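I opened this model to see how its parts are packed. My notes below follow the order in which I looked things up.

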Amino acid sequence: MSTRIAFLKGHGTENDFVIVPDPENVIDLSPAAVAALCDRRAGIGGDGVLHVVRSAAHPEAKEMAAEAEWFMDYRNGDGSIAEMCGNGVRVFARYLQRAGHVAEGDVAVATRGGVKTVHLAKDGDVTVGMGTARLPEGDVTVSVGERSWPARNVNMGNPHAVAFVDDLTDAGDLYSPPPFSPAAAYPDGVNVEFVVDRGPRHVAMRVHERGSGETRSCGTGACAVAVATARRDGADPAVTGTPATYTVDVPGGRLVITERPDGEVEMTGPAVIVAEGEIDAEWLTGSAG
């Protein structure tokens, strides 16, 4: 009988993931295997894979094991490795709750972007402490076709270029990465957000995620958008001493982002597990071959 590999499927504001529980880190998830899992026609389908591993069992997370029992070994849909995924960490925490590893309340999750504190609320929403935003200096430009816009460089543990446009259709089809300049601003590529205003402290966005294409939502992107919009609006909580909260609409739903005076950015939104099953290990090996 073929070896079976357990999996689940979940999403956060329709940013969807294949969840692979692997506490002892024994499953070889090569880039090709991840891409096969995320293939929406020939695989399970998802924007990425949440590889669930005990921190102590993963070489990249051992040093965080004392702070966080579980490590989110996140992979983009093309198999590449990412530092952090905001929607992913909410779904990751929801899986830990479903599996009985954690209860309602606060849980620490190790990521390549550091240890994140996640709060599982009774009402079903999940809040993630996303860390602080860095705003590298220097002008950045992003382009679609013949049009270009200035963009704000925001780093949320991963790189973002936030451009304010007149209409979300200005972003084009987002099948391929929007060109940016200067190249030195993002040596490893960038997530690009196109943003329009919807009302006071309320914006909407579309995003091209590095390694995944356009997705229905991007948590770190929504945080980057909120911070960039606050600065555009003249709001800096570190200066005013007052938290800045923005509602960010994404194609897959709505996220609420708050930047506190101490710089911590918090993201609140839903996280849902929709299915679980088993993968045939022979299929996965063959697909990755």
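The entries go from the overall fold to single residues.

**Entry 1. Overall fold**

I noted first that this is a predicted model. I counted secondary structure and got 5 helices and 18 strands. I then looked up the radius of gyration, which is 19 Å, close to the 19 Å that the globule rule gives for 289 residues, so the protein is as compact as a globular protein of that length. The C-alpha trace spans about 60 × 40 × 30 Å along its principal axes. Of the 289 residues, 52% count as buried. I also checked how far in sequence the contacts reach: among those between residues at least 6 apart, 61% join residues at least 24 apart.

In soluble globular proteins, nonpolar side chains tend to be buried together. I looked for such groups here. The largest nonpolar core has 52 residues, and Met72, Met205 and Ile257 have the most contacts inside it. Which helix gives the most to this core? Helix α3 (residues 219-232) does, with 8 residues.

I listed what Ile257 touches, not counting residues up to four places away in sequence. The list includes Ala222, Cys223 and Ala226, and also Ala244, Tyr246, Val248, Val265 and Met267. A second, separate core has 16 residues, among them Ala151, Val190, Val192 and Phe194.

Thr229 counts as buried because its relative accessibility is 0%, against a cut-off of 20%. Beyond its neighbours within four places in sequence, Thr229 is in contact with Phe164, Val203 and Tyr246. I looked at Phe164 from another side: the charged end of Arg232 sits over the Phe164 ring, 4.6 Å from the ring centre.

For helix α1 (residues 31-38), I listed the buried residues as Ala33, Val34, Ala36, Leu37 and Cys38. These buried residues pack against strands β2 (15-21), β3 (48-54), β4 (70-76) and β18 (272-280), and against helix α5 (281-287).

**Entry 2. Aromatic pairs**

I counted 3 aromatic pairs. The rings of Trp149 and Phe194 have their centres 6.0 Å apart and their planes at 80°, so I logged the pair as edge-to-face. Trp149 lies in strand β9 (residues 147-155) and Phe194 in strand β12 (residues 191-199), so the pair ties together parts that are 45 residues apart in sequence. Are these two residues buried or exposed? Trp149 counts as buried at 9% relative accessibility, and Phe194 counts as buried at 0%.

Phe180 and Tyr186 form an edge-to-face pair, with 5.3 Å centre to centre and 85° between the planes. Phe180 is partly exposed, with a relative accessible area of 25%, whereas Tyr186 counts as buried at 3%.

**Entry 3. Arg206**

I looked up Arg206, which is found in strand β13 (residues 202-209). Its relative accessible area is 15%, so Arg206 is buried. What does the side chain of Arg206 make a polar contact with? The partner is the side chain of Glu214, at 2.8 Å. A polar atom of the Arg206 side chain also lies 2.9 Å from the backbone oxygen of Gly172. Leaving aside neighbours within four places in sequence, I found Arg206 in contact with residues including Leu168, Asp173, Val192, Phe194 and Pro251.

I took Tyr175 from the loop between β10 (159-164) and β11 (180-181). Tyr175 is exposed, with a relative accessible area of 72%.

I then took Gly277, which is found in strand β18. Gly277 is partly exposed, at 26% relative accessible area. Gly277 and Leu8 are 269 residues apart in sequence and 6.3 Å apart in space, C-alpha to C-alpha. Not counting residues up to four places away in sequence, Gly277 touches Ile5, Ala6 and Phe7.

Note on methods: Residues numbered from 1 in each chain as written. Predicted model: local features only at pLDDT ≥ 70, side-chain atom pairs only at ≥ 80, totals over all residues. Heavy atoms only, no water. Helix = DSSP H or I, 4+ residues; strand = E, 2+ residues; numbered from the N terminus. Buried < 20%, exposed > 50% of the residue type's maximum accessible area, 1.4 Å probe, protein only. Polar contact = N/O pair within 3.5 Å; in protein donor to acceptor, adjacent residues only side chain to side chain. Contact = heavy atoms within 4.5 Å. Phe/Tyr/Trp six-rings, centres within 6.5 Å; stacked < 30°, edge-to-face > 60°. Lys NZ or Arg CZ within 6 Å of the ring centre and 35° of its normal. Core = buried A, V, L, I, M, F, W, Y, C linked by side-chain atoms within 4.5 Å. Rg over C-alpha atoms; globule rule 2.2 N^0.38 Å.
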